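Have the sequence and the 3D view open side by side.

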Amino acid sequence: MVRAAMAKIRSVYNFVFIGPGRPSLNEPQFSFDRIHSPRNRDVLWISRTTNLHSVFGWMIESVGMSTATIIGSGPNGLSAAIVLAASGVRTTVLERNGQIGGGCSTAEVTQPGFLHDLGSSTYPLGAASPFYGSLPFTIPWIQPHAAFAHPLDDGTAVVLEHSIEETIDQLDACDRKAYRSLIEPVVSNFAALVEEILGPILHIPESPFALARFGLSALLPALSLARSHFAGERARSLFAGVSTHSILPLETTASAAVGLTLIAAGHTRGWPILRGGAQSLTDALVRHLEDLGGRVETGREVTELPLSDLVLADITPRQLLRIAGSHLSTGYRKQLERFRYGPGAFKIDYALNAAIPWTARECLRAATVHIGGSLEEIAQAERTLSLNKPFVLLGQPSLFDSSRAPSGRHTAWAYCHVPNGSTKDYTESIESQIVRFAPEFLDCILSRSVSTPKDLESWNPNLVGGDILGGAMNVRQLLFRPTWSLYRTSRSGLYLCGASTPPGGGVHGMCGFHAAKMALKDLNI
């Protein structure tokens, strides 16, 4: 067995020295260090003071059990880890920060007792995720009364209710039939469609007719679809607002797909939040991973490839090039270098002394509010990303989860899309838009915490330039994300599993799920 173990180690390392070393990676029972030989091959040094019985015991265990290291503890990294651990792979997740969860985490960033989601906060695709639905525990979703609200300058708001009928009743009479004919087929086929949308890019559709019908509208620019299907301001504004979640100009091909999908999700699975904040989902995933024998290590920034049979990286192409560039082929490196990131986000978290006093009180029925006015205003805002009247996405989770703030107090967040890496201060612009529909909002603010694109990237390097989707979600980068090889890299055993792979951004765990399934197949497990 020792001979087999040494053969396994030598298949990874060019040399193994037992002698003076500089331990930097700590296994449970011994220390070792990795450096690079002149031929750019790894060299394993084992400290002379190490108990060699422990060393060879670890090697023997490794021969009989495949190992995996996950870089990053975001939702996709944890999902990949769970799939691997459930298949008998010895799995370790390495997280650079002291807090687990990446973009799915919660903390007090304004005042004590006010819990703020640091990244994701509303989960239409999380509630619809096939992977999350397969887990043997209950995710603590909270369903607001309505999916989202969109206030208008006439003092009213159009609200996406769970019921199509109740939503239609709020629209201009001229658009009610058109809304039903556009949305009802997507809603009735949503269970099948979400399997296709969140499934592998390259697969034989199980519901080809439903997918084809969806595609006829989904491939249109959101602006074109809104103008061609609706004549009234209310339906046009509602569709424009929800389509901005694509973080694409509304003139972009297929930007309508996001709007259609999220509206259908609202009418079927809802737009839930998480009781106690985003961290509760992360903590539940970690507990399940540990039950399967996996583990998570915090404060472990990865700067070189770990020693494992499999390495799945919940990071974007830019970080992979830094960590593993010398291990990748020239052609693959060039493909990753061509990967493009989308607009950034400028975010503000608020501690409030009261609920936001919307002019349109129906906005209090939803945890998510889209602030931008008319279709034309929203299209211009997303096209220019200027300081002048940005489109603002706002969350008010404490309306439905009292654990988020002290009694009688509330939390809220708001962000807008900005040029990638922008250094401009959008605070006044965001708050002017909120005040437009809630004139007394500023009087409610106890404190605020501002996160610029640079701040977001410093906290989570996956948010390159403040990009919260892991890369632009245009048609090319959605189909070939980040390259034509999808999750696989040019190095055997190394995979990408984050939002820079299909099906892309959003908290659903499916990027990690598909990457792990591919890795297991390649490992013949």
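## A buried charge pair

R404 is buried, because its relative accessibility is 0%. This is a predicted model. R404 forms a salt bridge with D117, and the closest N and O atoms are 3.3 Å apart. The pair links distant parts of the chain, 287 residues apart. R404 sits in the loop between β17 (392–395) and β18 (410–418), while D117 is in strand β8 (residues 116–117).

Side chains of opposite charge can pair when their charged atoms come close.

## Other salt bridges

The structure holds 14 salt bridges. One of them joins R383 to E251, with the closest N and O atoms 2.6 Å apart. R383 lies in helix α16 (residues 375–384) and E251 in the loop between α11 and α12, so the bridge ties together parts 132 residues apart in sequence. R383 is partly exposed at 46% relative accessibility. E251 is partly exposed too, at 32%.

R448 pairs with E431, and here the closest N and O atoms are 2.8 Å apart. Strand β19 (residues 445–451) carries R448 and helix α17 (residues 427–437) carries E431, so this pair ties together parts that are 17 residues apart in sequence. R448 is partly exposed, at 39% relative accessibility, whereas E431 is buried at 9%. Salt bridges that share partners also join D153, E377, K389 and R436 into one network.

## Helix α12

How is α12 placed relative to the rest of the structure? Of its 14 residues, 12 are buried, so α12 is largely enclosed by the rest of the structure. The buried residues include S255, G259, L260, I263 and H267.

Helix α12 covers residues 255–268, and at 1.5 Å a residue it should span 20 Å. Its end C-alpha atoms are 21 Å apart, which agrees.

## Around the ends of α12

A254 lies in the loop between α11 (233–243) and α12. Its phi is near 75 degrees, a positive value in a residue other than glycine. Just after α12, G270 takes a positive phi of about 85 degrees.

A254 can also be placed relative to L216. The two are 38 residues apart in sequence, and their C-alpha atoms are 9.8 Å apart in space. L216 belongs to helix α9 (residues 208–218). L216 counts as exposed because its relative accessibility is 67%.

Most residues other than glycine have a negative phi, and most peptide bonds are trans. N524 has a positive phi, near 60 degrees. N524 is in the segment after α20. It is exposed, with a relative accessible area of 72%.

Where are cis peptide bonds found? One runs from R481 to P482, with omega near -5 degrees. P482 is in the loop between α19 (475–479) and β20 (494–496). Another runs from P502 to P503, with omega near 5 degrees. P503 is in the loop between β20 and α20 (510–522).

## A positive surface patch

Which residues form the positive surface patch? K334, R338, R340 and R476 do. Of these, R338 lies in the loop between α15 (330–337) and β15 (344–352).

Note on methods:
Residues are numbered from 1 along each chain as its sequence is written. This is a predicted model: local features need pLDDT of at least 70, side-chain atom pairs count only at pLDDT 80 or more; totals for chains, interfaces and linings use all residues. Side-chain values use heavy atoms; hydrogens and water are left out. Patches are made of residues with over 30% relative accessible area and no salt bridge: like charges are joined within 9 Å, nonpolar side chains (Val, Leu, Ile, Met, Phe, Trp, Tyr) within 5 Å. Accessible areas come from the Shrake-Rupley method with a 1.4 Å probe; for residues, only the protein chains shown count as cover. A salt bridge is a side-chain nitrogen of Lys or Arg within 4 Å of a carboxyl oxygen of Asp or Glu. Lys and Arg count as positive and Asp and Glu as negative; His and the chain ends are not counted. The place of a charge is taken as NZ of Lys, CZ of Arg, CG of Asp or CD of Glu. Helices (H or I, at least four residues) and strands (E, at least two) are DSSP runs, numbered from the N terminus. Buried means under 20% relative accessible area, exposed over 50%, partly exposed in between (1.4 Å probe, protein chains only). The expected span of a helix is 1.5 Å times one less than its number of residues.
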